[in-house]
Amino acid sequence: MDITQWYAVALGGLVVLFHVSYPILLIMRISGTYIATSFLKHLYHPRVRLHIRNSNRYIGFSSRTARFDVLLVVLFLVGNAVCLSVKVKDAASLTKRSGLLCIINLVPLALGEHMNLLASFLGVRLSAYASMHEWLGRVVMAEGLIHSVAAISSQHVNLQSTFRAAVTGVLLLLSSLAWVRRRFYEVFQKLHLILVATLIATIYLHGASKNIFRVPICYLFAAICLQISIGALRIGGTIYRNIKHRTPLSLATIRTITYKRKSGNKTREIPVLDAVHVHIRLARPWTWRAGQWVYLSILGVSRTSFVQSHPFFVSWWYRDAKGDATIVLIVEKMKGFTKDLVSVDPRSEMRAIVEGPYGRELHLESYGTVLLFATGIGIAGQLPYVTQLLEGYHNCEVKGRRIALFWEMDSELHSAWVGDMMKELLKKDTDKVSLIMSQILDIQLFVLGGYISSKTKPGDVRSLGKRIKMTYEAMNAEDLIRSEIDGRKGHTVVSLCTNSETSGKIREAVRKLLDKTIDLKELEYCPSRCASDKVKKDREG
């Protein structure tokens, strides 16, 4: 075996390690050994924060990238650097080696950036999965460029096929730039797939051999088979989930959110314009668990909505009057699809395509004290855990003796997103209290701005009930954690679905306390901090 074959084996091992890292992590947590605790404290929980000066951007990694993920990336980059230099003596050998490595790296790249059932089943984090895809893509593009330059300098090149592959690669690179993805997300998704298929075809035509059992075409064939398999798995799962006899596709109903505030004997209703509830009557239901999220497409929202697919947490679920299974998604108004969705006629019923569910459950039932932190739309991910833990507690299925939910929101109106559900959960916790059980749920809301009353000032505290209060200031997560740790009951877990700034503060606070009785967990994907930053700047003048 030559060095490229060894590299292919090592790359395969690295990809497998990445996919099974979550099951390994669970075993480490259960074992509770010194090595396991040290790994969690110094490699898995700490995040890499390489800031660009005077900017919120990060160099190469997002603010949520764990040191462990960075370690895998470094090993990957070092492996490629070694392979590009060992026994490479001239431009001709560099041309051959860089081209071969480029094709080898295409194999795991074919897994795609879109979450799939295999990765979801193994508990791979969505952010880590996307990061893996991005780094594979960067290296493939770099090695393709090296290959082109080396081929031209050695004058052993088929200009026509090289030009086709180079142009496709450049277009793929340009379409993958962050600002292009943000501004033209819907176009990017479909264009990216087309360009990838085109690139694979041009590489095949560019190769000297067309024998699928010989190097390098065997690697290219493996990438094609993997991409087709993943695509078929997605399409098959989506068809199964949405098409049933006499029930073609799921049905989505858009419902507006209204903030209700009592003033004496009158109730003041204020419409919430930046979010809606989407109730989806499923064609084929599944077993609901906290932590699940779906990709959603709704036909008729706009001319191109049938090809748009976006991820949303399942916030809660119920059965309607007819007994049909229904899930509820909270959709915050951003750009594109969500902007169109919020402006849709309320109560209108539209056909919907649901892909999923994806997501791994955090398994919080074995902890005595559960601390849930959320900012902005992150409440959509945390609320199902409150529901599930309360049900488990009153059925004597969990060890929890205290559940504390802390939610920081940009505007007071946002409390209406889940206001009715919070009241229902508190009522459920009260109604089921028995001689041997006590109320275990407490909720604290923190409002950054957008106060409804002109008399409200920063720092004011308003009680909304016996176990729910609203504070008109930013959440001091470190103080909250410290006070909860002092009076905790049993083993403690801190769960995060917060923006990057808040996550960093909480993560560091917990890391200092991390031992066998305290754990830290994070949900699949978390809200952006952009909105919160804007509110804070407005308050500072």
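At what angle do helix α1 (residues 3–19) and α5 pack, and how far apart are their axes? In this predicted model, the packing angle of α1 and α5 is about 25°. Their axes lie 10 Å apart. Angles under 35 degrees count as roughly parallel, so α1 is roughly parallel to α5. The crossing of the two helices, α1 and α5, is right-handed.

Helix α5 (residues 91–109) also packs on helix α7 (residues 126–154). Here the angle is about 155° and the axes are 8 Å apart. Because angles over 145 degrees count as roughly antiparallel, α5 is roughly antiparallel to α7. The contact of α5 with α7 comprises 14 nonpolar, ten polar and one charged residues. The crossing of α5 and α7 is left-handed.

Helix α4 covers residues 67–85. Its 19 residues, at 1.5 Å a residue, should span 27 Å. The end C-alpha atoms of α4 are 27 Å apart, which agrees with that expectation. Buried positions in α4 are F68, D69, V70, L72, V73, F76, N80, C83 and L84. An α-helix has 3.6 residues a turn, so residues three or four places apart point the same way. The buried set of α4 includes F68, L72, F76, N80 and L84. After α4 comes K87, with a positive phi near 60°.

Helix α16 covers residues 500–513. Its 14 residues should span 20 Å at 1.5 Å a residue. The distance between the end C-alpha atoms of α16 is 20 Å, in agreement. Buried residues of α16 are S500, T502, S503, I506, R507, A509, V510 and R511. Among them are two arginines, R507 and R511. The buried residues of α16 also include S500 and T502.

Strand β3 (residues 250–263) pairs with strand β4 (residues 266–281) through 13 bridges. The two strands, β3 and β4, run antiparallel. T258 has P271 in β4 as its bridge partner. Strand β3 also pairs with strand β9 (residues 349–358), again in the antiparallel sense, over four bridges. In that pairing A252 stands opposite M350 of β9.

Another open sheet of seven strands has the order β13-β14-β12-β11-β10-β15-β16. Its pairing is mixed. The edge strands are β13 (461–465) and β16 (518–522), and each pairs on one side only. The twist of this sheet averages 15° from one strand to the next. Within it, strand β10 (residues 369–375) and strand β15 (residues 492–497) run parallel. Six bridges join β10 to β15. L372 has S495 of β15 as its bridge partner.

Conventions. Residues numbered from 1 in each chain as written. Predicted model: local features only at pLDDT ≥ 70, side-chain atom pairs only at ≥ 80, totals over all residues. Heavy atoms only, no water. Axes fitted to C-alpha atoms, helices over the stretch in contact; angles between N-to-C directions. Parallel < 35°, antiparallel > 145°, perpendicular 65-115°, else oblique. Left-handed = near helix turned anticlockwise from the far one by under 90°. Nonpolar A, V, L, I, M, F, W, Y, C, P; charged D, E, K, R; others polar. Expected span 1.5 Å × (residues − 1). Buried < 20%, exposed > 50% of the residue type's maximum accessible area, 1.4 Å probe, protein only. Pairing = 2+ DSSP bridges.
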